[in-house]
Amino acid sequence: MNQIVVLGGSAAVIALMLLIAALLGFWQTARIDAVALERLLADAEPDARIAESAIADDGRVALARLSDARVLIAKAMGDRIALRTYPSPAVTLRLRDRRLRAAFADLGFPTLNMKLSDPPRWLVDWAASGGEKP
Amino acid sequence: MTALFAALAAAAPPPAPFAIPPIITYAVPGFVLLILAEMIAVKLTRKGDYNFADSAASLSMGLGNQIMGLLLGSLAVAAYFAVYQFRLVTLGWTWPVMVACFFAEDLAYYWFHRVAHERRWFWASHVIHHSSQHYNLTTALRQTWTGVLGLNFIFWLPLVYIGFPPAMVLMFSAISLVYQFWIHTELIHRMGPFEWLFNTPSHHRVHHAVNARYLDANYAGVLIIWDRLFGTFAPEDDKEKPRYGIIANLGTFNPFRVAFAEWAGIWRDVTHAKSLREVLGFVFGPPGWSPDGSRKTSRSIKAQWAAYQSAAAPAE
């Protein structure tokens, strides 16, 4: 019983801290553009190069094909951007009604949904091929 | 029956001469006040930063860690007492023994922490703490849910085998964890000679950084002397600001995904392994190990960076 009270107290204190964080305005959201994508990749892998990229309309998600055929994923995580690379067979794409869905066999990176008002040709072709290779 | 009581009495560790308080529980109000103070200081000074979603994830992980500690913590304590039965000597609660235990516990922490970065099985629990791309006091509370199930406690078993009382080892472990709370901040730059011996915010920023220069360094708990002794020390360079997180940053704030993503990765790799060698590599090899070398390990990242630096250096 005592432990439940302690846990309840912890949860209440956590809620208080998060309320203060919200009131202080720590709600920043990152936006991805082509320049940011290049810079982030250069920081992570100086030798890697982006061949083609597609950025979601809301600027929160981006998908790119690297020159070595790997897939680069960028996702806004609060005010930071999480960057991941996958071998192309590890990514499953579906493009329908200008909405791209990218799935990975990775519990740490859930399926991405991107709204693309003007999906690039390379992405359309890739998704049409079953997402097997870009 | 007398023989049984005698055996139990012989097995029992010497009692502490003072009441050991619940150190971490008593420290919690201080944690809360410092977090709130840091939030306000960050807002006013714009040094460091906070993000609501990130802090929510970190604090959720801390709450989950607390729950798992209540559910499973006794297993680790039971292991301490079980091993203690076979101790080499019986050490009592004297000042020399407590000083020795402090150093021994800190050394055990260093090696646990280093192995937790170099071996995937232990990394799967520890990666949670590094998975935030921010560095503030809520990051300090971003703790694993699988520490006990992942057998992290085995690194302290040699101490009770030597003969340090389990309660003494647990006390110094708690002190070490409380000490490490305040070093998770960007608000403190350098601390002069204190940095020669002790773990500090600067040393620990390096530890949390994914810059190739800083990867897998500064494993200290309280004392940085072990990193200096074993060659894993790296100083913070003001010309290269740390980038925080992990090499393969998570794309989720969901605490359940955060807690189990690396374990799921191990499972996926093991079930696709083609040999026992591959299974052992995926479980006990370095994080990022792969049979064909297609993935990146810390060593390969550092080697690539060193080669890049050499190539970029001006010719003499």
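Hi everyone, let me start with the surface of chain B: its accessible area comes to about 15,000 Å², and 71% of that belongs to carbon and sulfur atoms. Accessible areas here come from the Shrake-Rupley method with a 1.4 Å probe, and for residues only the protein chains shown count as cover.

A quick word on the background. This is a predicted model, where local features need pLDDT of at least 70, side-chain atom pairs count only at pLDDT 80 or more, and totals for chains, interfaces and linings use all residues. Residues are numbered from 1 along each chain as its sequence is written, chains are lettered from A and ligands numbered from 1 in the order in which they are written, and side-chain values use heavy atoms, leaving out hydrogens and water.

So what is chain B made of? You will find 14 helices and zero strands; these are DSSP runs, numbered from the N terminus, with helices (H or I) of at least four residues and strands (E) of at least two. The radius of gyration of chain B is 21 Å, close to the 20 Å that the globule rule gives for 316 residues, so chain B is as compact as a globular protein of that length. That radius is taken over C-alpha atoms, and the rule is 2.2 Å times the number of residues to the power 0.38.

Inside chain B, 48% of the 316 residues are buried. Buried means under 20% relative accessible area, exposed means over 50%, and partly exposed is in between (1.4 Å probe, protein chains only).

Now let's zoom in on one residue, B:Pro286. Where does B:Pro286 sit? Its place is in the loop between helix H13 (276-284) and helix H14 (298-312) of chain B. B:Pro286 is partly exposed, with a relative accessible area of 29%. Not counting residues up to four places away in sequence, B:Pro286 touches B:Glu118, B:Arg119 and B:Thr297, where contact means heavy atoms within 4.5 Å.

Over in chain A, have a look at A:Ala127, in helix H3 (residues 121-128). Is A:Ala127 buried or exposed? A:Ala127 is buried, with a relative accessible area of 14%. Leaving aside neighbours within four places in sequence, A:Ala127 is in contact with A:Leu93 and A:Leu95.

Finally, how do the chains meet? In chain A, 37 residues are in contact with 36 residues of chain B. The area buried between chain A and chain B is about 3,400 Å², with carbon and sulfur atoms giving 67%. Buried area is the accessible area (1.4 Å probe) that two parts lose on being put together, summed over both. On the chain A side, A:Met17, A:Phe26 and A:Leu107 lose the most area to chain B, together 21% of what that side buries.
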